[in-house]
Amino acid sequence: MRILTYIRQVLDAEESVHIANHAVALENSKLVMDTMDEYGVEEALRLRESGIEAEIVAVAVGPARVQDALRTALAMGADRAIHVETDIRLDAIAVSKVLSQLATQEQATLIFSGGQQADWDSHALAAATAERLQWPQVTWTSALELKGTTLTGKHDADEGSEFFTLELPAVVTTQQGLNEPRYPTLPNIMKSKKKEMRKESLDQFGVTPKLKFVTAEVQVKDRLNKILDGKDAPAAAAQLVDLLRNEARVIA
Amino acid sequence: MILVVVEYANGKVSKSTWEMITAAQDSAKDSGRDASITALVLGSNVAAIAAEVAKAVDQVLVADLPALTQYDPELWSAAVAQIATEGEASLVLIGGSRSGREYSPRVAIKLDAPLLEDVITLKAAGETLTAQRYTYLARVTETIEAAAPIAVVTIKPGVFNPATPKAESAEQFDVDLSLPTPRLKITDKTVERTSRVGLTEAEIVVSGGRGVGSAEGFTQYVEALADQLGAAVGATRAIVDAGWRPYSEQVGQTGKTVQPKTYIAIGISGAVQHLSGMNKSKTIVAINRDAEAPIFKIADYGIVGDVTQLIPAILTELKK
């Protein structure tokens, strides 16, 4: 079987966000593979290590720099990478058009993608891709097992979790808790440099984005920052309760 | 026509639905568009839900079918796309819940429509929709635009004011649907029930992190304070992973996003993933041992000190 794992390159969560020309500026910031996508790469590797014959292909859409994130996936153990190059910012619905066509071309039967993107805060890629392929989907998985073409596991729903079973092909979203992603070892980093990184142009996918990005701003809500010293607990408690009752008026 | 897909839980229309109705009304104001609102109720045994929502919209469409007993992304998206097409909707509003954000992209693809995800404002002018949404783990506010005859929008919970029901009820119609066979089979569920108010519906949320010490500490400090204040209970990823609390209470990037009037963080240091789930709360109160904890940077009120001393003292004070 062939597994596609979709990779996003995002701002490291510890980095601060800078805005220039009405958009988030990523130059000079530390960029990493989206942690939510790491769980997908790791899960694909684990499926293979459990004895399933699988080729793992990492896919990314974006400017030249996203190859760094694809290299990380290769260093973790993915077999090859496909980079669809574009400098245009695309929303998830537009990206799904690329990913679904690649899945068909590659005859993949399983696609992994992170549950929520750390840059666009979107959940949409997996479902949109599944819809274009007419495949089922399962989101926010926290346990997975594959026997033949039957996928079973556990995922998070609106309230609580559900156990499921599903026949491949399918699109699956991953999240923290599904597994513990491995760090690329030095030999594997060296090996990854020789792995195939195929570059494709966006043009052939016929993508016409329907969404326009207008402006971005970092809105920091002014906080009062009235922080008390709690060494004298009863006094600090009395003062806090007084502030919440009589100044903020948020409790009775 | 604006189509609002009704969210409900435990036999009652959810707050998110009343918020969507307000978003629908707001979006249509001065837009020159057809501002009539149609509510769509999907499920089985949903007559009470349909009757309840009828008091705030212009028309209610009800698909009360045994096949819709269990939510499924393929069923829900097929139903919504069919109704939107038949009713020539210009706008389809879906809740920003986990399920809403899961099936809405399918609806957008079926309708060849743009998807505006998890919006906090929504304005229409002619065919153009403008919306704002949070990005970069809720650290950035972005404005997006789409021009199309029909658009699919998910509404972030807890942002719009809930609409108020009127005295008179709109007419209800049963609809026929051609539904696919769901391929995702749910074999079992673990539903965590609580007697407390729901996390995303609460005016006050009391949350705990590692700093409460143990599962017992959580009960003793966080739950006790929540019960005293009539608040919902939240937790960080770390203590959910540690098994102290159920997943349904998790606040943050991989859990729920909350925006209550007051958020009280106890023993929470404030990792960016947690902050992204609560940093839009109106008033933030933090109690933590470490004065350098990031949570204090976004707190309105706080105490640096020992949770085990401070919470009992606060409880005593509240009971005075």
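Modeller: Here it is; bear in mind that this is a predicted model. One place to start is the hairpin of S10(A) and S11(A), which has two residues between the strands and where Gly148(A) takes a positive phi near 65°.

Colleague: In which sense do S10(A) and S11(A) pair, and over how many bridges?

Modeller: Strand S10 (residues 141–147) and strand S11 (residues 150–156) of chain A pair in the antiparallel sense, over six bridges. Within that pairing, Leu146(A) stands opposite Leu151(A).

Colleague: Switching to the interface. How many residues of chain A are in contact with chain B?

Modeller: 70 residues of chain A, and they are in contact with 71 residues of chain B. Elements that each supply at least two residues on the chain A side include helix H3 (92–105), helix H4 (124–133), strand S12 (161–167) and helix H6 (233–247). H6(A) gives the most, with nine residues.

Colleague: What is that side made of, by class?

Modeller: The side of chain A that touches chain B has 38 nonpolar residues, along with 16 polar and 16 charged ones.

Colleague: And which strand of chain B does S12(A) pair with?

Modeller: Strand S12 of chain B, residues 185–190; the two pair in the antiparallel sense over five bridges. Glu162(A) has Lys189(B) as its bridge partner there.

Colleague: Back to H6(A). What span should its 15 residues have?

Modeller: At 1.5 Å a residue they should span 21 Å, and the end C-alpha atoms of H6(A) are 20 Å apart, which agrees.

Colleague: Which residues of H6(A) are buried?

Modeller: Ala233(A), Ala236(A), Ala237(A), Leu240(A) and Leu244(A). Seen down the axis of H6(A), the buried residues fall within an arc of 100°, so they line one face of the helix. An α-helix has 3.6 residues a turn, so residues three or four places apart point the same way.

Colleague: What is on the other side of H6(A), and what covers the buried residues?

Modeller: Asp242(A), Asn246(A) and Glu247(A) are exposed on the other side. The cover over the buried residues of H6(A) includes S16 of chain A, together with strand S16 (283–288), strand S17 (301–304) and helix H8 (307–319) of chain B. Just after H6(A), Arg249(A) takes a positive phi of about 55°.

Colleague: Last topic, chain B as a whole. How many helices and strands?

Modeller: Chain B has eight helices and 17 strands. For 320 residues a compact globule would have a radius of gyration near 20 Å, and chain B has 21 Å, which agrees. Its C-alpha trace spans about 60 × 40 × 40 Å along the principal axes.

Colleague: What share of chain B is buried?

Modeller: Buried residues make up 58% of the 320 residues in chain B.

Note on methods
Residues are numbered from 1 along each chain as its sequence is written. Chains are lettered from A and ligands numbered from 1 in the order in which they are written. This is a predicted model: local features need pLDDT of at least 70, side-chain atom pairs count only at pLDDT 80 or more; totals for chains, interfaces and linings use all residues. Two residues are in contact if their C-beta atoms, placed from the backbone, lie within 7 Å. Helices (H or I, at least four residues) and strands (E, at least two) are DSSP runs, numbered from the N terminus. Ala, Val, Leu, Ile, Met, Phe, Trp, Tyr, Cys and Pro count as nonpolar, Asp, Glu, Lys and Arg as charged, and the others, Gly among them, as polar. Two strands pair if DSSP finds at least two bridges between them. The expected span of a helix is 1.5 Å times one less than its number of residues. A residue is buried if 20 or more other C-beta atoms lie within 10 Å of its own, exposed if 12 or fewer, and partly exposed in between; C-beta atoms are placed from the backbone. The arc is that of the directions from the helix axis to the C-beta atoms. The radius of gyration is taken over C-alpha atoms; the globule rule is 2.2 Å times the number of residues to the power 0.38.
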